[in-house]
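Hi,

Here is the structure I said I would pass on.

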Amino acid sequence: MERMKRIVTVQDLSCVGKCSLTVALPIISAMGVEASVLPTAVLSSHTLFPHPAVCDLTAEIPRITSHWRDIGVTFDGIYTGYLGSMEQLDLISRFIDDFGGGFVFIDPVMGDHGHLYARFTPDFVGRMAALCAKADVIVPNLTEACLLLNRPYIGETYSEETIRGILRALTGLGAKQAIVTGVSFSPDRLGAMAYDSVTDTYVSSFGERVPGSFHGTGDIFASVCVGALTGGRTLREAVALAVGFTCECIGQAAALPERSRAFGVPFEWALPLLIEKAHTSL
Ligand code: PXL
């Protein structure tokens, strides 16, 4: 039997409000891939709740990676999500140099709905763009794509050609493949478009659009892509699986009371479907 593939995911642990590690670990495990963790911080909740207690783990990162060097651990992939500071970006850049070799997947978590999250600065954006040059795959939402390209936010209405141009420009930052999430060309459909600069091909996938904002869905999307790509799926298959699963989770969330939304979408209910799809040949 082939050995199990092992990736390492670099992001925070938000104790309440499903996102980052509490989403990535169950999803990647469900897809039959071992997920190791390089935790960047522990927060009492994600930052959409006011005033979370934060334990920054920046100082632990060199200690953890030094031990990993001693024991000779290797990874088939590195998946980075929410990173909290410039110093962490520098440390993770070095981590990719030291532990790369497999594929590098960067979700440049920085903003949404046209706005940079409050704690990030323009300098952080520039440094994140530099980190993206080390990736095989980057997965910004449209807000993050515009930030990375230093362009004004394109808003809610745009053409397919505009998104293709953004995707090409994103791979110009240095990543081989770019996936942009939160793309919509009609009021009732939402999904993602991707570009592979090596083969010069575009792929896209769309599902039903549910009105409203659903926290943590970017992390769900990225985690499914990582599971699928590590498992040997093509970019087209990974994007289709991720859009399908994210839309299923959002569909289930829409049936829940509005006030439960801050806690994230009920992806747990959709995991059986993901397990089935992840182990079925497309
Ligand atoms: O979902 C991205 C994310 C991850 N981690 C923390 C966050 C957010 C988004 O707001 O606050 C702590």
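This is a predicted model: local features need pLDDT of at least 70, side-chain atom pairs count only at pLDDT 80 or more; totals for chains, interfaces and linings use all residues.

Helix α9 (residues 267-278) has Phe267, Ala270, Leu271, Leu274 and Ala278 as its buried residues; buried means under 20% relative accessible area, exposed over 50% and partly exposed in between, with a 1.4 Å probe and protein chains only. They sit on the same side of α9 because they cover an arc of only 135° around the axis, taken from the directions from the helix axis to the C-beta atoms. Trp269, Pro272 and Glu276 are exposed, on the face turned away from that buried side. The buried residues of α9 pack against α1 (20-30), α7 (217-230) and α8 (235-254), where contact means heavy atoms within 4.5 Å. Helices are DSSP runs of H or I, at least four residues, numbered from the N terminus.

Residues are numbered from 1 along each chain as its sequence is written, and side-chain values use heavy atoms, with hydrogens and water left out.

Now the ligand. The residues around it (a heavy atom within 4 Å) include Asp12, Ser14, Tyr82 and Val109. Polar side-chain atoms lie 2.5 Å from a ligand oxygen atom in Thr47 and 2.7 Å from one in Asp219. For His215, a side-chain N or O atom is 3.3 Å from an oxygen atom of the ligand. Taken alone the ligand exposes 310 Å², and the protein buries 96% of that (Shrake-Rupley, 1.4 Å probe).

Cheers

Terms used
Helices (H or I, at least four residues) and strands (E, at least two) are DSSP runs, numbered from the N terminus. A polar contact is a pair of N or O atoms within 3.5 Å; within protein, one must be able to donate a hydrogen and the other to accept it, and residues adjacent in sequence count only if both atoms are side-chain atoms.
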